[in-house]
Amino acid sequence: MAGELKENGNSLSEQEEQSIVENKLEDIDNALTKGEEFIENNSKSLLLGIGVIVLLILGVIYYFKGVKEPKNVEAAEIMFPAEQAFQRDSFQIALNGNSQVVGFLAISDQYSGTDAGNVANAYAGICYKQLGDNEKALTYLKKYSSSESTLEPAIEGAIGDCYWDLQKEDEAIKAYNKAINSNNKLVSPIYLRRLGLLYLKKGDKTNAKAQFETIKDKYSESVQAQDVDKFIAMCE
């Protein structure tokens with residue numbers, strides 16, 4: 001992803017970036033659809049979920065748009081091997097580094113206050129989530145800050161995923177609602193479905209149905225709307 005955005009030193013237009021995000025979201029959602037059958041099969045809840053991946057996609061785009069200062073350029077070059085390790089699912093190396101890779105934890109510390117350090121916090125949170133340490137994941141995800149209209153709800157949704165895995169369902173619901181209330185057409189339907197699934201897990205079919213119906217009515221063109229009727233049917 002990072003290589004694509006930096007290719008030939010050219011920046012992407014807003015329309016091109018939007019197209020990348022939408023295509024990635026569709027691919028990811030299709031890959032994870034089978035995982036959502038845990039409701040039907042009474043298996044374990046979704047852990048990482050789509051939301052954290054959305055955070056990664058949007059975070060990388062936002063970061064490379066914002067690389068302007070020399071320190072950020074330097075940090076971008078240092079961070080690239082860690083990003084490659086992350087993409088290979090080598091989360092321990094991406095997080096802590098090795099002789100060839102400076103890990104996200106070190107970048108977060110050394111480049112605190114820069115765009116690179118900020119994005120490293122998000123990456124570190126995702127790594128910890130993938131490694132099963134939700135408490136540390138929350139610590140780093142909460143360190144990440146953005147006023148950007150898409151990234152803010154995406155990270156709230158990722159925080160909700162961590163709380164769900166920690167069985168802190170009330171906190172998860174609050175975080176999901178913050179993501180949903182952004183009314184962002186990419187992020188909101190993702191977390192409406194997540195929240196609906198959580199309500200189903202709790203046995204609250206009324207609230208679950210309300211989330212799925214909002215997807216159908218308000219976000220009918222979203223990926224999540226394509227199979228929403230099957231989830232609505234679970235709530236009957």
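**View 1. Gln167 in the loop between helix 10 and helix 11.** In this predicted model, Gln167 lies in the loop that joins helix 10 (151-165) to helix 11 (169-180). Its backbone stands out: Gln167 has a positive phi of about 65 degrees, although it is not a glycine. The residue counts as exposed, because its relative accessibility is 69%.

View 2. Asn183 is not a glycine, yet its phi is positive, at about 60 degrees. With 47% relative accessibility, Asn183 counts as partly exposed. Exposed would need over 50%.

**View 3. The whole chain, for orientation.** The protein has 14 helices and zero strands. Read along the sequence, the pattern is α-α-α-α-α-α-α-α-α-α-α-α-α-α. There are 236 residues, and 51% of them count as buried. Take the contacts between residues at least 6 apart in sequence: 59% of these join residues at least 24 apart.

**View 4. Helix 12 against helix 13.** Helix 12 spans residues 188-202 and helix 13 spans residues 205-218. They pack at an angle of about 160 degrees, and their axes are 8 Å apart. The two helices are therefore roughly antiparallel, a label for angles over 145 degrees. Helix 12 passes helix 13 in a left-handed crossing. On the helix 12 side, the contact is made by Pro189, Leu192, Arg193, Leu195, Gly196, Leu197, Tyr199 and Leu200. Helix 13 brings Lys205, Asn207, Ala208, Gln211, Phe212, Thr214 and Ile215. By class, this contact holds nine nonpolar, four polar and two charged residues.

View 5. Ser220 sits in the loop between helix 13 and helix 14 (228-234). A relative accessible area of 52% makes Ser220 exposed. Leaving out residues up to four places away in sequence, Ser220 touches Ile215 and Ala225. Ile215 also belongs to the contact of helix 13 with helix 12. Lys185 is 35 residues from Ser220 along the chain, and their C-alpha atoms are separated by 10.0 Å.

**View 6. Helix 8 against helix 9.** Here helix 8 (residues 115-130) packs on helix 9 (residues 134-143). The angle is about 165 degrees, with the axes 7 Å apart. That makes helix 8 roughly antiparallel to helix 9. The crossing of helix 8 past helix 9 is left-handed. From helix 8, the contact takes in Asn118, Asn121, Ala122, Ala124, Gly125, Tyr128 and Lys129. From helix 9 come Asn134, Lys136, Ala137, Tyr140, Leu141 and Lys143. Sorted by class, the contact has six nonpolar, four polar and three charged residues.

**View 7. Helix 5 against helix 8.** Helix 5 (residues 70-87) also packs with helix 8. Their angle is about 15 degrees, and their axes lie 10 Å apart. Angles under 35 degrees count as roughly parallel, and helix 5 and helix 8 are therefore roughly parallel to each other. Helix 5 passes helix 8 in a left-handed crossing. The class count is nine nonpolar, one polar and two charged residues.

**View 8. Ala94 and its neighbours.** Ala94 is part of helix 6 (residues 91-96). Its relative accessibility is 0%, so Ala94 counts as buried. Not counting residues up to four places away in sequence, Ala94 touches Ala82, Ala85, Phe86, Gly103, Phe104 and Cys127.

**View 9. Cys162 and Cys235.** Both cysteines are shown for their burial. Cys162 is buried, with a relative accessible area of 0%. Cys235 is buried as well, at 9%. Buried means under 20%. The structure holds zero disulfides.

Technical notes:
Residues numbered from 1 in each chain as written. Predicted model: local features only at pLDDT ≥ 70, side-chain atom pairs only at ≥ 80, totals over all residues. Heavy atoms only, no water. Axes fitted to C-alpha atoms, helices over the stretch in contact; angles between N-to-C directions. Helix = DSSP H or I, 4+ residues; strand = E, 2+ residues; numbered from the N terminus. Parallel < 35°, antiparallel > 145°, perpendicular 65-115°, else oblique. Left-handed = near helix turned anticlockwise from the far one by under 90°. Contact = heavy atoms within 4.5 Å. Nonpolar A, V, L, I, M, F, W, Y, C, P; charged D, E, K, R; others polar. Buried < 20%, exposed > 50% of the residue type's maximum accessible area, 1.4 Å probe, protein only. Disulfide = S-S within 2.5 Å.
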